[in-house]
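User: I would like to learn how to read a structure one feature at a time. Could you give the general idea first and then the case at hand?

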Amino acid sequence: MQRIVFLDRATIAPQIQLRRPNFEHQYVEHACTTPDEVAERLEGASIAITNKAPITAATLERLPALRLVAVAATGTDCVDKAACQARGVAVVNIRGYAINTVPEHTFALILALRRNLVAFRESVLRGRWQESGQFCFFDHPIRDLAGARLGIIGEGVLGQRVAELARAFSMVPLFAAHKGKSGLGPLYTPWQEVLETSDVITLHSPLTKDTRGMIAMPEFEAMKRRPLIVNTARGGLVDEADLVRALDAGLISGAGFDVVDGEPPSPDNALMRAASRHNVILTPHVAWASDEAQQALADQLIGNIESFVAGRPANLILGAY
């Protein structure tokens, strides 16, 4: 009998169907779980499901029955993978489910900012259209996407899909070489060239010790074309305080962010303080969260668990099993 505990079911929308696995089991779910509740709630569990609830080394020491941590997301930062490996606990994650939703959200931000939709909407609500006395008004600049250079940082499946959409808009996509690296091949445009020549820069990289803060004031100062900066990847890739300073200095023309460094953000977070500006759009980490993508995630999550119990583990994290 497998005992399955989902620590933070509220991280998947309530309308999404989470079917039960096709083997004998006990199933318990909690809407959310604080870090100090994890060990107690997983007591006796052989399978833990988590999205963001942390699985630490100290917690694992208290869970001798645990055999699998099934992460209900692609990122596995919440799990101490080295500790899992040492204790023979497998870790699996979700892959490939966001191939449409994240790129579409990316372009929603790009289009809204390039065409100043937020600013025009607010002007209309204030009565500016009536004040203009004619069929339109030109208070805010509008820029086409066609011909614009799109710098893409991150060449994985999401970055590749963003490039496909960019070509459909007649943009020129450029995959940035990894910061500080050269000789990566013809796919890549040198890092500095991407910074200097892009009209829009969009991030699709994982957050690691090497990528944390990779966009900061030195990078903003190199951006000669005042690009839009879009981040639907991970908070922490961009130094948020420097981002606001770059906005203030006119080094960039706007920012569309779906993630911040620390979620939910504190009220004094730099991006939160800037979120009311016309050229800033901040969404609450929902680029991944179309109903279609969430249902695919939920189905894959249960499929991962079934495969593990059947002895055919899928989506194992390297070194975790």
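User: Which residues is Asp-199 in contact with, leaving aside its neighbours within four places in sequence?

Analyst: Contact is a matter of distance, namely heavy atoms within 4.5 Å. With neighbours within four places in sequence left aside, Asp-199 is in contact with Arg-114, Ala-148, Arg-149, Arg-225, Pro-227 and Leu-228. The model is a predicted one, in which local features need pLDDT of at least 70 and side-chain atom pairs count only at pLDDT 80 or more, while totals for chains, interfaces and linings use all residues. Residues are numbered from 1 along each chain as its sequence is written, and side-chain values use heavy atoms, with hydrogens and water left out.

User: Where does Asp-199 lie, and is Asp-199 buried or exposed?

Analyst: Helices (H or I, at least four residues) and strands (E, at least two) are DSSP runs numbered from the N terminus, and Asp-199 has its place in the loop between helix 8 (191-197) and strand 9. Accessibility is read as buried under 20% relative accessible area, exposed over 50% and partly exposed in between, with a 1.4 Å probe and protein chains only. Asp-199 counts as buried because its relative accessibility is 8%.

User: Which side chain joins that of Asp-199 in a polar contact?

Analyst: A polar contact is a pair of N or O atoms within 3.5 Å; within protein, one must be able to donate a hydrogen and the other to accept it, and residues adjacent in sequence count only if both atoms are side-chain atoms. The side chain of Arg-225 joins that of Asp-199 at 2.8 Å, and a polar atom of the Asp-199 side chain also lies 2.8 Å from the backbone nitrogen of Arg-149.

User: How many strands does the open sheet have, and what is their order?

Analyst: Strands of a sheet pair through backbone hydrogen bonds, either parallel or antiparallel. Here the open sheet has 7 strands in the order 8-7-6-9-10-11-12, with parallel pairing; two strands pair if DSSP finds at least two bridges between them. At the edges are strand 8 (188-189) and strand 12 (280-282), each of which pairs on one side only. Strand 6 (residues 149-153) and strand 7 (residues 172-176) run parallel and are joined by 4 bridges, and Gly-151 has Leu-174 in strand 7 as its bridge partner.

User: Which strands does helix 4 lie across?

Analyst: Axes are lines fitted to C-alpha atoms, for helices over the stretch in contact, and angles run from 0 to 180 degrees between N-to-C directions. Helix 4 (residues 101-114) lies across strand 6, strand 9 (200-203), strand 10 (228-231), strand 11 (254-257) and strand 12, and runs at about 155° to strand 10. Helix 10 packs on the sheet as well, touching strand 10, strand 11 and strand 12, with its direction at about 150° to that of strand 11.

User: Which residues of helix 10 are buried?

Analyst: The buried residues of helix 10 are Glu-240, Asp-242, Leu-243, Val-244, Ala-246 and Leu-247. They pack against helix 9 (217-221), strand 10, strand 11, helix 11 (270-274) and strand 12. Asp-242 is buried because its relative accessible area is 10%, and beyond its neighbours within four places in sequence Asp-242 is in contact with Ala-216, Met-217 and Phe-220. Asp-239 caps the N-terminal end of helix 10, with a side-chain oxygen 3.2 Å from the backbone nitrogen of Ala-241, and Gly-250, whose phi is positive, near 75°, follows the helix.

User: How many aromatic pairs does the structure hold?

Analyst: The structure holds 2 aromatic pairs; rings of Phe, Tyr and Trp (its six-membered ring) pair if their centres lie within 6.5 Å, and planes under 30 degrees apart count as stacked, over 60 as edge-to-face and the rest as tilted. The rings of Phe-107 and Phe-169 are stacked, because their centres are 5.3 Å apart and their planes lie at 10°. Phe-107 lies in helix 4 and Phe-169 in the loop between helix 7 (157-168) and strand 7, so this pair ties together parts that are 62 residues apart in sequence. The rings of Phe-120 and Phe-137, with centres 5.7 Å apart and planes at 50°, are therefore tilted.

User: Which residues does the cis peptide bond join?

Analyst: Most residues other than glycine have a negative phi, and most peptide bonds are trans. A cis peptide bond, with omega about 0°, joins Glu-263 and Pro-264, and Pro-264 is found in the loop between strand 11 and helix 11. Asn-116, in the loop between helix 4 and helix 5, has a positive phi near 55°.
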